[in-house]
Amino acid sequence: RVTVMDAPEQPELAAVPEDWTRALAVVAHPDDLEYGAAAAIARWTDQGKTVVYCMVTSGEAGIDGMTPDEAREVRIGEQIESAKIVGVEVVEFLGLQDGIIEYGVPLRRAIAEVIRKHKPEIVITNNFRETWGGSMPNQADHIAVGKASLNAVSDAGNRWIFSEQLVDGMEPWGGVTQVWAAGSPDGKHGVDTTDTFDRGVESLKAHQAYIDGLGWENFDPSEFLEGMSRPTGSRLGVTHAASFEVFSMTWGD
């Protein structure tokens, strides 16, 4: 005899703070932010906040039917258009090689420089845990970039780390208060994306060449994103939400 047990309820989410004005989103590939976080970014740009995107690679290894040189230009263009949909005007591409990013000092150095340049209060990255919360392993580039982003925040504030960057007016930047990892299975915070969910969908649709290249037959961006945003929203008491794992970069929090 088998007894069917109800799945345990997920704990409620706390709302992320919104008393900031500048954020930097650092992820491995074009399209990484569009699986939930972009709708949150649209909310924040609507509030008058500034969000800058930094793509560590150009996603050139992401389309099997295109050479890397072809895919690079396509994916850069798609990401710039996707960002505009959610109110992001500045997208930087660091140009590291897609698919073989390694965690280490060179990656920390590159990200620290971008942090020093844009002086964010919040750094947003993607889930860098080993999995997405089940048996599905996370991708190596995501893990490397997320870990390096967290560490680069501390690096950026230390005058004696990567001090060769401190020329032509560049100064250390220790003003990042939190790092948020979108989609982490350990996320305990969320943001209401009900009013901006549709723009999040449109931002994912802007990556059409990439989606087509994956061969996802009958892929519906709206349905796909709803599958994540509605359960997350129920944990926040709203219709749609995006979740984040929050790391405090200040003592006492």
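This is a predicted model: local features need pLDDT of at least 70, side-chain atom pairs count only at pLDDT 80 or more; totals for chains, interfaces and linings use all residues.
I number residues from 1 along each chain as its sequence is written, and I leave hydrogens and water out, with side-chain values on heavy atoms. Local features need pLDDT of at least 70 and side-chain atom pairs count only at pLDDT 80 or more, while totals for chains, interfaces and linings use all residues.

I looked up the largest pocket and found a volume of about 1300 Å³. A pocket here is an open set of points on a 1 Å grid over the protein atoms alone, with protein on both sides within 12 Å along at least five of seven lines; lining residues have an atom within 4 Å of a point. Grid points are joined across faces, edges and corners, and a volume is the space filled by probe spheres set on the points. The lining has 44 residues, and Tyr35, Trp132, Gly183, Phe224 and Met228 are the closest to the pocket centre. Helix α7 (221-236) is among the elements that supply at least two lining residues; with 8 residues, α7 gives the largest share. Elements are DSSP runs numbered from the N terminus: helices are H or I with at least four residues, strands E with at least two. I sorted the lining into 21 nonpolar, 17 polar and 6 charged residues. Nonpolar means Ala, Val, Leu, Ile, Met, Phe, Trp, Tyr, Cys and Pro, charged means Asp, Glu, Lys and Arg, and the others, Gly among them, are polar.

**Cavity.** I searched the whole structure and found 1 cavity of 30 Å³ or more. A cavity is a set of grid points where a 1.4 Å probe fits but cannot get out. Val27, Ala28, Asp32, Thr125, Asn126, His142, Val145 and Gly146 line the largest cavity. Helix α4 gives the most to this lining, 3 residues.

**Helices α3 and α4.** I checked α3 (residues 105-118) against α4 (residues 140-156): their axes come within 8 Å and cross at roughly 55 degrees. Axes are lines fitted to C-alpha atoms over the stretch in contact, and angles run from 0 to 180 degrees between N-to-C directions.

**Helices α1 and α5.** For this pair I noted axes within 8 Å and a crossing at roughly 120 degrees. That makes α1 oblique to α5.

Definitions and conventions
Angles under 35 degrees count as roughly parallel, over 145 as roughly antiparallel, 65 to 115 as roughly perpendicular and the rest as oblique.
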